[in-house]
Amino acid sequence: MSRVELDAAGVRDPRLRAAYRRCRDLNARHGRTYFLATRLLTPAQRPAVHALYGFARWADDVVDTPRPGADDLARERRLDVLARELFAGLDRGGSDDPVLAAVVDTAVRHGIDRRLFEDFLHSMRMDLTVTDYPDRAALDTYVRGSAEAIGLQLLPVLGTASPPGVAAPHAAALGKAFQLTNFLRDVAEDLDRGRVYLPADELAAFGVDRPLLRWCRLRERTDPRVRSALAAQHATTREIYRFAARGIAMLHPVSRPCVRTALVLYSEILDRIEDADFAVFARRARVGNLRRLQVAGMAVLRVAWARSGHRPGPVACARAGGP
C-alpha cells in the first residue's frame with residue numbers, strides 16, 4: 001500500500017500503516033477481481049477496503065487452509081481466538097494485533113456495526129461443521145454472514161447518494177450475488193472439501209444429489225440432470241445481480257465505477273459458465289486478463305468524470321470496499 005493512500009486516509013501511526021499494508025497483501029493474493037476494482041476507488045478509500053477484505057480472507061483461510069496436523073477442533077480454537085481479539089479490539093477502540101489493528105481502525109472510523117462481524121464469524125464457524133444445506137433458507141443463513149455482511153460493511157466506506165437504509169438491501173444483494181457465483185464456479189473444489197453450497201431440495205427437483213455430483217467430479221463431466229439444476233441456480237443468481245445493480249446509482253458518484261466494474265466482471269463469470277455448457281467439473285470459469293483490462297479501462301474514464309465534478313464526503317473518503 002502506498003504512502004499516498006495511507007496519508008490520504010489519515011493513517012499516521014507506523015504500526016497502523018504496517019497493519020493496513022498486511023491487509024492489502026492478503027487481498028492482493030486472493031481476490032484478483034476485488035483488488036482490480038479497488039484501484040478505481042479514491043486513494044483515501046482503499047486502505048479501509050483492504051482491511052475489511054484482508055480480514056475476511058484471513059478468517060476464511062483459518063477455516064479452509066488448516067495448518068499441518070491441525071484438526072477441526074484446532075481450527076475452531078483459532079477462529080475463537082480471532083473473534084475474541086477482534087471484539088476486544090472493537091471494545092477498546094484499537095488492537096495490537098498486526099492485522100486486526102487495521103480492521104478495528106476501519107470499523108471505528110466508519111462506524112461499522114459490530115453485528116456484521118458477528119454474522120460473518122458465525123458463517124465461518126458453520127464451515128467447520130456444516131457440509132450441506134437442505135433448502136434455500138438454510139443457505140441464506142450462511143450467505144447472510146459470509147457475503148451480505150461484507151457488502152454492508154463496505155457501504156459506509158463507499159458513501160451513498162440516497163439514505164443508507166435504502167441502499168443497504170442492494171449492497172447486501174451484491175455480496176450475495178458474488179457468493180452464489182462462487183458456489184456455481186467452484187462446485188468441484190467445494191466437493192473436494194466435502195461441501196455442497198447448493199440447496200439440496202432444489203437439486204433434488206432435477207434428480208440431483210451428492211453422489212451424482214461426486215460422479216460428475218470424478219469423471220469431469222456434467223450429467224444432463226446436473227446441467228439443468230445448475231442452469232436453474234444460474235438463473236436465480238442472475239436475478240439477484242439485476243436487483244443489486246439498481247443500487248449502484250444510490251452510491252456516491254466516486255464509488256460507482258468501482259462497484260460497477262466488480263459487478264460486470266463477476267457477473268461475466270456466469271457468462272463463462274453458461275458458454276461452457278455448465279462444464280464446471282472440467283474447468284474453472286474465468287474472465288480473461290484482456291477483458292479485465294477492457295472493463296477497467298472504461299471504468300477509468302468514468303472515474304475521471306466522477307472525480308472532476310464530485311468530491312467524496314468524509315465517510316466515503318475514509319474507507320472503501322468493493323466486490
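Predicted model: local features only at pLDDT ≥ 70, side-chain atom pairs only at ≥ 80, totals over all residues.
The chain has 16 helices and 0 strands. Helices (H or I, at least four residues) and strands (E, at least two) are DSSP runs, numbered from the N terminus. Of the 323 residues, 54% are buried. Buried means under 20% relative accessible area, exposed over 50%, and partly exposed in between (1.4 Å probe, protein chains only).

Residues are numbered from 1 along each chain as its sequence is written, and side-chain values use heavy atoms, with hydrogens and water left out. Local features need pLDDT of at least 70 and side-chain atom pairs count only at pLDDT 80 or more, while totals for chains, interfaces and linings use all residues.

**Helices H5 and H7**
- H5 (residues 72–92) packs against H7 (residues 114–129) at about 175 degrees, with axes 10 Å apart.
- Axes are lines fitted to C-alpha atoms, for helices over the stretch in contact, and angles run from 0 to 180 degrees between N-to-C directions.
- The pair is therefore roughly antiparallel, a term for angles over 145 degrees.
- H5 residues in the contact include Leu 79, Leu 86 and Phe 87, and those of H7 include Phe 117, Leu 121 and Arg 125.
- By class, this contact holds 9 nonpolar, 8 charged and no polar residues.
- Ala, Val, Leu, Ile, Met, Phe, Trp, Tyr, Cys and Pro count as nonpolar, Asp, Glu, Lys and Arg as charged, and the others, Gly among them, as polar.

**Second largest pocket**
- Its volume is about 230 Å³, meaning the space filled by probe spheres set on grid points joined across faces, edges and corners.
- A pocket is an open set of points on a 1 Å grid over the protein atoms alone, where a 1.4 Å probe fits, with protein on both sides within 12 Å along at least five of seven lines; lining residues have an atom within 4 Å of a point.
- Of 16 lining residues, Asp 13, Arg 15, Leu 16, Ser 95 and Ala 101 are closest to the centre.
- H2 (14–30) and H6 (100–110) each supply at least two lining residues.
- H2 gives the largest share, 5 residues.
- The lining divides into 7 nonpolar, 3 polar and 6 charged residues.

**Two single residues**
- Ser 146 lies in H8 (residues 136–158).
- Ser 146 is buried, at 8% relative accessible area.
- Beyond its neighbours within four places in sequence, Ser 146 touches Phe 120, Ser 123, Met 124 and Gln 179.
- Ala 205 sits in the loop between H11 (200–204) and H12 (210–219).
- Ala 205 is exposed, at 63%.

Terms used. Parallel < 35°, antiparallel > 145°, perpendicular 65-115°, else oblique. Contact = heavy atoms within 4.5 Å.
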